[in-house]
Amino acid sequence: MVLKVFFPSCCSSADSGILIGRWISEQNSAVILAVVHFPFIPVQVKQYLGEVQRVTQVSVSVLGSWSNSKQEKEESLSEFLEDLGTIFCHEPWIQISKEGDSKFWSCSILQKHSTNPQEEEIILVYYDQRKVMLSHLHPPLDTAGQGAEDASKLSAIFDTVARSQVLFMTDRYDEGPIKLTHWQSDGVEASIIVELLKQASVPACMLLTLLLSLLSGICRSRVLKFWPLSFLWSKLSTCEQLGHRLQHLQVISSNKKAQNQNQLMRKANIFVSLLIDVALGILLMSWLYRKNRIGHLADTLIPVADHVAEELQDLLQWLMGAPAGLKMNRALDQVLGRFFLYHIHLWISYIHLLSPFIEMILWYVGLSACLGLTVALCILSDIIALLTFHIYCFYVYGARLYCLKIYGLSSLWRLFRGKKWNVLRQRVDSCSYDLDQLFIGTLLFTILLFLLPTTALYYLVFTLLRLLVVIVQGLIHLLVDLIDSLPLYSLILRLCRSYRLAAGVKFRVLEQQDGKPLRLLMQINPLSYGGVVQTYRLPTYSCYPRDSWASLCKKLFLGELIYPWKHKGDKQN
């Protein structure tokens with residue numbers, strides 16, 4: 001039978017004493033946590049371990065003895081260490097001894113109370129106690145069978161070291177009755193700046209919580225529930241992003257302590273995401289207000305809008321002729337063309353009416369970049385939606401007319417086959433029609449069929465223009481979702497301290513010597529960058545619908561409107 005002893009590498013030079021740790025009987029393993037030095041009183045050691053066990057809920061006990069011959073002056077010390085097994089009464093009793101500067105240690109097992117002692121093979125596994133304590137083990141997502149069992153065994157070792165932080169608060173330099181050696185014995189990691197930040201974070205969080213409660217009260221007030229404001233708050237992407245960031249601020253300013261590692265990482269990721277978002281927004285704002293770039297942008301905006309309007313006029317003139325040699329219905333073609341040309345004329349007049357105020361509007365809009373780059377991008381998306389509102393109107397007119405004709409033709413086609421749509425039962429039933437109904441249906445079917453190519457061409461052109469605008473807005477929102485959902489703190493942690501995010505371990509065989517136990521070095525395998533993103537990705541609240549390609553093609557063919565926002569009752573694939 002194999003017995004595994006996990007020994008912290010920081011204790012390899014410790015003075016002689018007894019080994020403190022946890023015995024995991026299911027794995028036949030011993031996890032050494034610290035070394036207690038001489039002199040000590042066994043009763044005080046037992047009381048101290050009882051307090052540690054009560055606080056950490058880890059069954060910590062004395063597992064054996066540690067002998068460092070380099071520090072010893074008396075030959076009877078080894079016998080004394082062996083006799084300690086009768087005081088602490090742990091079965092089996094582990095004896096580890098180091099001879100001078102030798103890399104090969106002696107390790108033996110004593111089973112005094114066993115009637116049938118068995119010869120066991122011992123494996124010494126060295127591990128970095130600090131890294132194991134600070135790391136968080138992420139088992140593979142597709143574990144099954146043997147993989148899941150190995151992950152649970154490894155998790156028990158990591159959990160034992162992580163939950164024993166109370167044990168590491170006492171070291172060999174303390175003046176108490178018990179002196180220990182563990183990872184923190186070479187110097188307690190502390191920082192005056194960190195302690196000051198901890199003290200200052202309490203009033204800062206209280207002030208931030210008060211301000212956020214006021215903002216939340218304003219957002220939940222009845223003023224925003226009236227029709228114009230409620231519609232704008234639910235449809236404009238800027239309002240959606242502000243509400244999303246407000247939820248993030250409420251999460252990080254909450255005084256509720258994180259219950260587990262995932263909640264702690266979520267708070268840290270949100271905080272770093274907000275910090276970087278605001279920093280990028282301030283950089284963008286400083287770039288915009290330098291060298292009068294706002295004025296240059298306002299001077300460029302009007303000529304660009306005029307150029308787009310002229311291109312649309314040329315496109316409509318082409319459609320009112322014989323586009324691509326197609327024979328169109330001239331009367332309907334002229335009516336639709338003049339209707340859309342009049343809308344373009346109104347749009348040009350509207351743009352020129354606003355031209356004196358555009359620079360001032362852009363100047364105030366640029367200040368919103370201090371709220372974050374994502375807010376600035378959402379405002380850009382809303383500005384694009386407002387500047388292309390005439391294209392959206394053309395698309396709605398063409399889609400409604402095309403949809404009316406498609407549904408009219410499908411209904412009249414059922415009339416020819418002696419069928420009708422039953423509204424109550426939501427199905428097609430048989431129906432008998434008289435001669436007048438068939439005659440009128442034939443006339444209407446003929447008229448709609450011959451007018452369909454003209455309507456379909458206008459619908460196709462304006463749908464392509466609308467899709468172009470939606471694609472541009474979609475790319476902007478993809479960038480916003482990327483900034484909102486990317487776990488930046490976890491990625492920085494993976495880059496700088498990869499051992500904090502552990503996906504598993506690997507064992508490296510050290511030098512061997514006959515008659516000595518097998519020596520292994522346990523090293524942490526860091527989580528891959530893809531695994532970090534998949535595990536700690538933050539949820540997003542994009543207002544754009546996520547339709548499947550089949551649903552999108554069906555909507556385009558039937559002339560149903562493609563809204564840039566979600567609707568209640570929409571089926572999302």
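Reader: In which helix does Leu211 lie?

Author: This is a predicted model, in which local features need pLDDT of at least 70, side-chain atom pairs count only at pLDDT 80 or more, and totals for chains, interfaces and linings use all residues. Residues are numbered from 1 along each chain as its sequence is written, and side-chain values use heavy atoms, with hydrogens and water left out. Helices (DSSP runs of H or I, at least four residues) and strands (E, at least two) are numbered from the N terminus. The run of residues 192–219 contains Leu211, and that run is helix α5.

Reader: Is Leu211 buried, partly exposed or exposed?

Author: Buried means under 20% relative accessible area, exposed over 50%, and partly exposed in between, with a 1.4 Å probe and protein chains only. The relative accessibility of Leu211 is 44%, so the residue counts as partly exposed.

Reader: How many disulfides does the structure hold?

Author: A disulfide is a pair of cysteine sulfur atoms within 2.5 Å. For Cys11, the closest cysteine sulfur is that of Cys10, at 4.0 Å, which is too far for a bond. The number of disulfides in the structure is zero.

Reader: Is Cys11 buried or exposed, and what of Cys378?

Author: Cys11 has 0% relative accessibility and therefore counts as buried. Cys378 has a value of 2%, so Cys378 also counts as buried.

Reader: What percentage of the residues of the chain count as buried?

Author: The chain has 16 helices and 13 strands. Among its 573 residues, the share that counts as buried is 40%.
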